[in-house]
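Hi everyone, thanks for making the time. I'd like to walk you through a structure on the screen, moving from the overall layout down to a few local details.

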Amino acid sequence: MAEKNSQNQVPDTGHEWDGIRELTNPPPRWWTIAFYLSAIWVVVYFIIYPSIPLATDHTKGVIGWTAIGEYKEAVAKNDAIRQPYLDKLETMSAQEIINDPEMLNFANSSTKALFGDNCAACHGSNGQGIAGMFPVLLDDDWLFGGTVSDIATSIASGRKGNMPAHDLDDAQINLLTDFVIAASTGQATQEGWDAYQAAGCFACHGADAKGNKWMGSANLTDAIWRFGSDRESVMRTIKYGVNQDGVDGTQNGVMPAFGDKLSENDIKLLTVKVWSLGGGQSE
Amino acid sequence: MSEEKNNPENSHNIEKIYNESAEHFDVNLGGKKIHPKKVSGRFRNYKNFTWLFWIGYILLPYLRWDGQQAILFDVPHRQFHLFSITVYPQDIWMLSFLLILLAMMLFGITAIAGRVFCGYFCFQTVWTDWFVQIERWIEGNPTQRKKLDAAPWGAVKIRKRLFKYFIWALISLITGITFVAYFTDAYQLWIDIFTLEAHLYVWVTLLTFFIGTFLFAGFMREQVCLWLCPYARIQSVMIDKDSILPTYDARRGEPRGKAKKGVIDAKYGDCIDCKVCVAVCPTGVDIRNSALQEGCIMCGVCIDACDDVMEKVDKPRGLIRYNSEKEIEGIDLPAVYKRPRVIVYAAISLFSITAIVVGLLNIPPLATTIIHERQPLYAMMSNGSIRNSYTFKILNKTPEAVDIKISAEGIDGIVMKGVGETVTLKPNRLIPFNVQLEAMPDKVKDKKVPIYFTITGIDGDVKISERYENFFARP
């Protein structure tokens with residue numbers, strides 16, 4: 001190579017600066033080939049792919065490639081992988097899904113969007129709820145029951161708690177408030193229990209104050225508070241009740257029904273999701 | 001010696017040497033095609049044996065082991081099967097040691113013996129060797145080949161060329177198929193290819209290798225070594241005065257001069273300037289110019305050729321020989337194990353080998369990731385306790401189902417929920433599951449305390465005992 005390109009033999013363009021001559025060496029052959037190939041590729045590309053903008057449209061290219069087409073293909077490919085699992089979920093009952101770790105994992109992952117669209121607005125993206133306003137779905141306390149069928153019913157038909165307002169004197173309200181707060185840590189006094197009986201609370205909350213899932217009455221002996229644990233909130237709940245029409249200050253807590261909005265399968269999948277958030281109970 | 005040189009038989013040989021080489025020696029300037037002369041001898045024989053290494057490469061994909069392909073880089077499933085060992089991407093750290101090992105071996109061998117890899121093992125050299133041999137069978141010796149090159153296209157030339165290209169194409173095809181066979185089932189691959197049902201990736205890879213092999217070994221040959229391969233350019237930094245390279249002993253050979261029939265000319269050295277060493281060189285190097293040339297792949301065929309000539313002219317062999325710069329200068333070469341570069345390269349290589357072997361023998365059967373739930377960090381439970389959730393992602397890398405037990409510690413009275421006594425991990429799968437820990441607030445000393453999960457295998461063949469730190473959060 002060195003001899004072939006020897007400066008003295010190669011003709012120059014006649015330009016010379018400080019003894020440096022501009023030679024007429026051609027560019028390397030590989031470079032020239034690559035250059036012409038690129039030029040050919042430009043033409044090929046213009047024929048194959050959409051390329052030339054027209055007044056209202058553009059040339060389509062012979063293979064009909066589009067970006068959205070490529071996207072749709074990718075989605076279809078993904079759907080094809082998911083479909084057998086989705087079909088299998090369709091045929092399984094909620095309890096069967098819960099018992100199969102692999103399907104449970106798939107169900108929970110694929111239900112994320114469904115949960116986000118329908119549940120997360122109140123219950124939070126992962127069921128964390130908002131204290132005092134929207135129930136936490138992660139814990140093991142259920143007003144209307146935590147079995148698969150209870151949860152399915154809650155989602156499909158909705159829930160609306162009902163606690164009457166209590167027109168009692170302040171001393172009694174204070175006594176009951178003290179009782180409810182103490183009961184949550186198991187420290188209720190006899191005096192409190194007497195007031196509880198006297199006010200008729202046991203009719204709904206039970207003689208042991210553990211609530212009743214058929215009525216949606218709260219368990220007063222656990223550490224979970226539907227409408228806040230501070231004294232003021234507790235007092236307000238006793239005084240004005242829950243979901244009382246025409247009562248100022250009543251607590252509001254309504255779970256809307258999704259039975260008309262969602263398919264049976266979607267409700268089943270959401271049931272599985274809610275059940276497996278951690279608080280699910282067996283039948 | 002002088003009497004022997006007058007021997008008429010030897011004189012005849014000398015004539016023959018010049019006749020043979022005169023027509024086709026060629027110093028490579030890049031412009032002309034090199035047609036190396038066939039040579040036989042010691043180093044040529046070594047080269048023939050090193051081919052076997054690549055025959056192994058071609059046959060290995062068809063080997064079966066435990067009912068599956070012995071060596072398989074299963075990219076879609078992200079598994080690398082090496083006989084009975086399966087390596088997952090989680091164990092890829094071993095690859096870095098493999099790369100270090102290969103680099104160090106290259107450096108070390110170069111420091112000891114120059115570019116022996118190039119001369120004997122490199123696929124470019126070996127494939128070119130094969131292609132040249134085929135060319136020799138079909139088109140004859142270098143003189144005939146050159147004649148054919150220059151000849152106008154006619155029936156004979158077309159027939160010979162087509163036949164040659166056909167054989168080359170077959171080898172190129174097998175080369176490509178072999179490469180692909182390491183990444184997919186080798187037997188199924190042949191079926192797929194001949195029923196034209198192979199995956200697009202297979203066709204693209206095959207085509208790339210086919211064109212690459214055909215072009216590189218058939219046409220570009222030594223140009224690849226000279227202009228494409230970086231090794232030629234960096235070799236000089238890896239070679240020192242102790243490295244043995246094919247060297248022309250100029251002190252013995254110069255001044256070179258034509259040996260005449262029956263005449264000994266005292267003014268000349270041992271080199272009879274027959275240029276056989278250039279004629280046989282696959283890269284067209286004149287070794288007499290310098291031992292260390294970028295074109296020299298140090299394959300030693302010039303040594304074979306020169307030894308042959310020296311024998312014919314009754315001079316001692318080894319005018320060209322594997323020699324270090326020091327040896328040529330008359331200095332003794334230090335023992336290999338006393339040279340610092342060799343020691344350092346060997347030590348690093350040894351370390352890498354140890355790391356790979358230990359790594360391969362101790363591949364953990366599980367790859368575990370435990371992720372603490374972030375939103376919310378904790379939830380309050382009806383009995384007043386705090387609950388934290390964790391997602392377990394355990395990949396079972398063994399081909400059998402593995403039963404494990406999970407336990408947690410770090411907080412007094414911590415309770416684990418969500419999993420049963422035993423968890424069964426499906427073979428070669430990763431199925432995430434959730435685990436919940438519950439603890440009473442007064443036992444959790446801080447907003448965030450460390451906890452430890454222990455994963456223990458239950459009477460399986462594989463011993464598992466792993467401990468992972470995580471944390472427990474409270475309000």
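Chain A is divided into domain 1 (70–159 + 257–275) and domain 2 (162–252), with bounds that come from an automatic or database domain assignment. Before I go on: this is a predicted model, where local features need pLDDT of at least 70 and side-chain atom pairs count only at pLDDT 80 or more, while totals for chains, interfaces and linings use all residues. Residues are numbered from 1 along each chain as its sequence is written, chains are lettered from A and ligands numbered from 1 in the order in which they are written, and side-chain values use heavy atoms, with hydrogens and water left out.

Back to those two domains. Their C-alpha centres in chain A lie 32 Å apart. Across the boundary, 11 residues of domain 1 of chain A are in contact with 12 residues of domain 2 of chain A, contact meaning heavy atoms within 4.5 Å. For chain B, the assignment gives domain 1 (35–87 + 122–220) and domain 2 (366–473). There the C-alpha centres of the two domains lie 52 Å apart.

Let's zoom in on helix H4 of chain A, residues 101–110. A word on labels: helices (H or I, at least four residues) and strands (E, at least two) are DSSP runs, numbered from the N terminus. Which residues of H4(A) are buried? They are Glu102(A), Met103(A), Leu104(A), Phe106(A), Ala107(A) and Asn108(A). Buried here means under 20% relative accessible area, with exposed over 50% and partly exposed in between, using a 1.4 Å probe and protein chains only. Those buried residues pack against helices H2 (67–91), H3 (94–99), H5 (112–118) and H12 (264–275) of chain A.

Staying in chain A, have a look at Gln251(A), in the loop between H11 and strand S4 (254–255). Gln251(A) is buried, with a relative accessible area of 6%. Its side chain makes a polar contact with the side chain of Thr237(A) at 3.0 Å. By polar contact I mean a pair of N or O atoms within 3.5 Å; within protein, one must be able to donate a hydrogen and the other to accept it, and residues adjacent in sequence count only if both atoms are side-chain atoms. Not counting residues up to four places away in sequence, Gln251(A) touches several residues, including Phe227(A), Arg236(A) and Asn243(A).

Now a helix pair in chain B. The axes of H4 (residues 93–113) and H17 (residues 340–361) of chain B come within 8 Å and cross at roughly 155°. Axes are lines fitted to C-alpha atoms, for helices over the stretch in contact, and angles run from 0 to 180 degrees between N-to-C directions. H4(B) and H17(B) are therefore roughly antiparallel to each other, the word for angles over 145 degrees. Among the residues that meet there are Trp93(B) and Phe97(B) in H4(B), and Tyr345(B) and Phe351(B) in H17(B).

Ala209(A) has a positive phi of about 65° although it is not a glycine, and Ala209(A) is buried at 0% relative accessible area. Met298(B) has a positive phi of about 55°, again without being a glycine, and Met298(B) is buried at 1%. Last one: a cis peptide bond joins Gln375(B) and Pro376(B), with omega about -5°.

Key:
Angles under 35 degrees count as roughly parallel, over 145 as roughly antiparallel, 65 to 115 as roughly perpendicular and the rest as oblique.
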